[in-house]
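Dear colleague,

Here is the structure I said I would pass on. My notes follow below it.

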Amino acid sequence: MSAAYTAAYSADAIARAGAALAAFIRREQRLWIITGAGVSTDSGIPDYRDARGEWKRSPPVQHGDFMAFEAVRQRYWARALAGFEAMRRAPVSGAHRALAELEAMGFVEQLVTQNVDRLHQRAGSRRVIDLHGRADTVSCTSCGYSIMRYALHAEMAARNPAFTGLDAGHAPDGDADIELDFSTFEVIDCRRCGGIFKPDVVYYGDVVPKARREAARAGLFRANAALAVGTSLMVFSGYRFFRDAHARGMPLASLSLGVTRADPMLSEKWCAPLTPVLEYAVAQLKQQSGAA
Ligand SMILES: [Zn+2]
């Protein structure tokens, strides 16, 4: 949970950041919000990057490798059997709940998430675009046949009993930290056409589908300001929105624990733990609207 890193920040620092965030929201009214792994670390799903935006762990699977090599898919699915369960069971965090509350209060024009865990939806956010897809469904890359991921996992577990019950740390996309010989792992291909099954996630090296990118962009230009929460914006598909918004003169702000690629463009930046700051801001906005 958030206690460990929150302890490094005084109650005063959190109140200052929360009050400034509330003031920003009150002033701008209609926000376009982009979230990243930081929002889900409070749910126990680890972040890929550290406070300086550097890789904390081996980079995630590359799209080209996944499609080209059976060995990469064997390794991916074997590790996913262990890693994805943890992600499925991850609880919604206070940050997810606070963002859903901001939407219910009418402050969110669009929420774009780079996370694939669907925790924003579980927390009650409705205006969500899953920019990088969702990890809980799987589609055939040839014919498009789509199934729920847990069903495919159940089938893979039944065919690969030696690989079940492995315990491992897990990664943001349901991957896991296990290294062993995966060459005997039996991958399941599309039952309709024999094509390659892939989680409906945009991997590194793949592109965000155009319609999704355009929808996110349209939301951005309906909003008055953009706010990044828990993301370093190191991935270009997220960063480009801030670059475009900056070119239009929109106010940009960030709440995160570290540097972001957009730092030179930000009008406001709060380097603080997400959940307590968001909760503080929501409480203050509620109080003010109640008093008005
Ligand atoms: Zn197929």
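Two strands count as paired if DSSP finds at least two bridges between them. Helices (H or I, at least four residues) and strands (E, at least two) are DSSP runs, numbered from the N terminus. This is a predicted model, in which local features need pLDDT of at least 70 and side-chain atom pairs count only at pLDDT 80 or more, while totals for chains, interfaces and linings use all residues. Residues are numbered from 1 along each chain as its sequence is written.

The sheet

Six strands form an open sheet in the order S3-S2-S1-S7-S8-S9, with parallel pairing. S3 and strand S9 (268–271) stand at the edges with a single partner strand each, so one side of each has no neighbour in the sheet. From one strand to the next the twist averages 15°; for angles, axes are lines fitted to C-alpha atoms, for helices over the stretch in contact, and values run from 0 to 180 degrees between N-to-C directions. Helix H2 (residues 11–28) packs on the sheet and touches S1, S7, strand S8 (252–256) and S9. The direction of H2 makes about 150° with that of S9. Helix H9 (residues 210–222) also packs on the sheet, touching S1, S2, S3 and S7, and its direction makes about 145° with that of S2.

Strand S1 (residues 31–35) runs parallel to strand S7 (residues 225–229), joined by five bridges. Leucine 31 has alanine 225 as its bridge partner in S7. S1 also pairs with strand S2 (residues 108–113) in the parallel sense, over five bridges, and there threonine 35 is partnered with threonine 113.

How many of the residues of S1 are buried? Five of its five are, where buried means 20 or more other C-beta atoms within 10 Å of the residue's own, exposed means 12 or fewer, partly exposed is in between, and C-beta atoms are placed from the backbone. In a regular strand the side chains alternate between the two faces of the sheet. In S1 both faces are covered, with Leu31, Ile33 and Thr35 buried on one side and Trp32 and Ile34 buried on the other.

A nonpolar core is taken as a set of buried Ala, Val, Leu, Ile, Met, Phe, Trp, Tyr and Cys residues joined through C-beta atoms within 7 Å. The largest one has 67 residues, of which Leu31, Ile33, Ala226, Val277 and Ala281 touch the most other members. Helix H5 (residues 70–88) gives the most to this core, with eight residues. Contact between two residues means that their C-beta atoms, placed from the backbone, lie within 7 Å. Beyond four places in sequence, the contacts of leucine 31 include Phe107, Val108, Ala225 and Leu227.

Isoleucine 129 sits in strand S3 (residues 128–130). Isoleucine 129 has 17 other C-beta atoms within 10 Å and is therefore partly exposed. Outside four places in sequence, isoleucine 129 touches Gln110, Val112, Arg212, Ala215 and Ala216.

Annotated positions

The UniProt positions are in the numbering used here, feature names are shortened, and annotations may be inferred rather than shown by experiment.

The unreviewed UniProt entry lists His132 under "active site". Histidine 132 is in the loop between S3 and S4 and is buried, with 25 other C-beta atoms within 10 Å. Not counting residues up to four places away in sequence, the contacts of histidine 132 are Gln114, Val116, Val201, Val202 and Val208.

Under "binding site", the unreviewed UniProt entry lists Cys140, Cys143, Cys190 and Cys193. Cysteine 140 lies in strand S4 (residues 133–140), whereas cysteine 190 is in the loop between helix H8 (149–159) and strand S6 (197–201). Cysteine 140 is partly exposed, with 19 C-beta neighbours inside 10 Å; cysteine 190 is partly exposed, with 18. Leaving aside neighbours within four places in sequence, cysteine 140 has contacts that include Cys190 and Cys193, and those of cysteine 190 include Cys140 and Cys143.

Regards
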